[in-house]
Amino acid sequence: MSYVRGQIVGMAGYVPGEQPQAGKFIKLNTNENPYPCSPAVTLAIQQCLQQGLTRYPDPLATAFRQAASDQLGVPPDWILCGNGSDDLLTILTRTFVDPGRLLRMPYPSYILYRSLAEIQGARSQEVRFRPDWTLGADFVAPDPDLRLAFLPNPNSPTGTILRPEQVLELARQLPCPLVVDEAYVDFADQHCVPLVRECERVIVTRTLSKSYALAGLRFGFLVAQPHLIREMVKVKDSYNCDALSIAGATAAISDVDWLNENRSRIVSARRRLTQELRACGFTVPDSHANFVWCTRPDWELKPIYERLKNQRVLIRYMQYRDWGEGLRVTVGSDEQIDAFLALLRCELPASPSEIPS
Ligand SMILES: Cc1ncc(COP(=O)(O)O)c(C=O)c1O
């Protein structure tokens, strides 16, 4: 007999993208930034280390909240920090969704949302995007059990985005909080933080993993009205962010010049990557993130992914039930993109029959 909750035994568990620990790969599979972080981050972490790690960190990461407040124009008590934005998604689910109730998300989107609902013992409901990548009435349809909705914006794996006025319209119609997961928004032109003031149901999550090149540091934050933040503070681990990550993240968000320069490099590389992949014959929606989504229904995509992996180029193959499959490719450095495209071109079929199964 198992001591483990039946809910946990019965679930498959979220499988993160491959993180090979040995060998050298051109790694374009988990949307990391190809460039090193701001030098200010390294310096801040070194200074923090010199002070020692004997004391517990600040439970609310006050220094970061102040720095983020200066950048975003919301008061510090509207900000909650987390051990990566995945930690915040967990805190949100635990705060708002009773076991047995309903969590809603678009489809296809970030697969972790479904796992969070399962762990919580809640039900999840996936609402398909429309062909133009907007969401229809079914995303806001009333349901007495609905407790929370997640909306990645830009979306993963597609890189598509809803405009703030479209997001506000959804939030106004929903009977529950709408979490706008802005993990990739620094690579887009618009964001939804201003909506948090306009509508208490809008909560925005951010991460430093992508646009600040700090996936290994584990730091994210969310913006919500302060009465909601106070409830979420009760749910989070007391010390969910360590001293080194608070110091590094505070330095990162304060270095606006680094962010702007990095963003423009990635955005111009994204433009080139998109054009080249379309020229290869893929359908690629315009991306507002640091990755692109490639589909081509008459080609078998998994063998392409596998053969690139054998040549030490890692991209993400994704298959969504009754929706189709695709390849998600992170926007790497120019050199990484060149190497990827050169290998890819050798793997593409002249006709579908040329790819052996
Ligand atoms: C849509 C989305 N949200 C959140 C995350 C998690 O980011 P973090 O590294 O901050 O946990 C990811 C990571 O890939 C993501 O794709």
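Predicted model: local features only at pLDDT ≥ 70, side-chain atom pairs only at ≥ 80, totals over all residues.

Where does Gly220 lie? I found Gly220 in strand β8.

**Gly220.** Buried or exposed? I got 25 C-beta neighbours inside 10 Å, so Gly220 counts as buried. Leaving out residues up to four places away in sequence, I listed its contacts: Gly82, Gly84, Ser85, Asp87, Leu88, Thr205, Arg206, Thr207 and Leu208. I also checked Cys241, which is 21 residues from Gly220 in sequence and 9.2 Å from it in space, C-alpha to C-alpha.

**Ligand.** Next I looked at what surrounds the ligand. There are 13 residues around it, and Gly84, Ser85, Asp86, Thr207 and Ser209 come nearest. Sorted by class, I have four nonpolar, seven polar and two charged residues in that shell. Gly84, Ser85 and Thr207 were already in my notes as contacts of Gly220.

**Cores.** I then went through the nonpolar cores. The largest has 67 residues, and Val179, Val202, Leu214 and Ala252 touch the most other members. Helix α10 (residues 243–254) gives the most to this core, with seven residues. Apart from that core I found another, of 29 residues, including Ala183, Phe282, Leu301 and Val313. As a reminder to myself, nonpolar side chains tend to be buried together in soluble globular proteins.

Not counting residues up to four places away in sequence, Leu214 touches Cys37, Val41, Leu208, Ser209, Phe219, Gly248 and Ala252.

**Helix α3.** Which residues of α3 (residues 62–72) are buried? I noted Phe64, Arg65, Ala67 and Ala68. Looking down the axis of α3, I see its buried residues fall within an arc of 165°, so they line one face of the helix. Their cover includes β2 (79–82), β8 (220–223) and α10. Just after α3, Gly73 has a positive phi of about 75°.

**Domains.** The chain is divided into domain 1 (6–30 + 257–354) and domain 2 (39–255). Their centres, taken over C-alpha atoms, are 24 Å apart. I have 24 residues of domain 1 in contact with 24 residues of domain 2. On the domain 1 side, α11 (256–279), β9 (291–294), β11 (316–320) and β12 (324–330) each supply at least two residues. α11 gives the most there, with seven residues. By class, that side of domain 1 has 14 nonpolar, seven polar and three charged residues.

**Thr42.** Thr42 sits in helix α2 (residues 39–51). I got 13 C-beta neighbours inside 10 Å, so Thr42 counts as partly exposed. Thr42 and Ala247 are 205 residues apart in sequence, yet I get 9.3 Å between them in space, C-alpha to C-alpha.

I went looking for cis peptide bonds and noted the one from Tyr107 to Pro108, with omega near 0°. Pro108 is in the loop between β3 (102–107) and α5 (112–120). I also noted a cis bond from Asn153 to Pro154, with omega near 5°, and placed Pro154 in the loop between β5 (146–152) and α7 (164–173).

Then positive phi in residues other than glycine. Asn31 has phi near 55° and lies in the loop between β1 (26–27) and α2. Arg218 has a positive phi of about 65° and lies in the loop between β7 (202–207) and β8. With 22 C-beta neighbours inside 10 Å, Arg218 counts as buried.

Note on methods
Residues numbered from 1 in each chain as written. Near = placed C-beta within 6 Å. Nonpolar A, V, L, I, M, F, W, Y, C, P; charged D, E, K, R; others polar. Core = buried A, V, L, I, M, F, W, Y, C linked by C-beta atoms within 7 Å. Buried ≥ 20, exposed ≤ 12 C-beta atoms within 10 Å, placed from the backbone. Helix = DSSP H or I, 4+ residues; strand = E, 2+ residues; numbered from the N terminus. Contact = placed C-beta atoms within 7 Å. Arc of directions from axis to C-beta. Domains from an automatic or database assignment.
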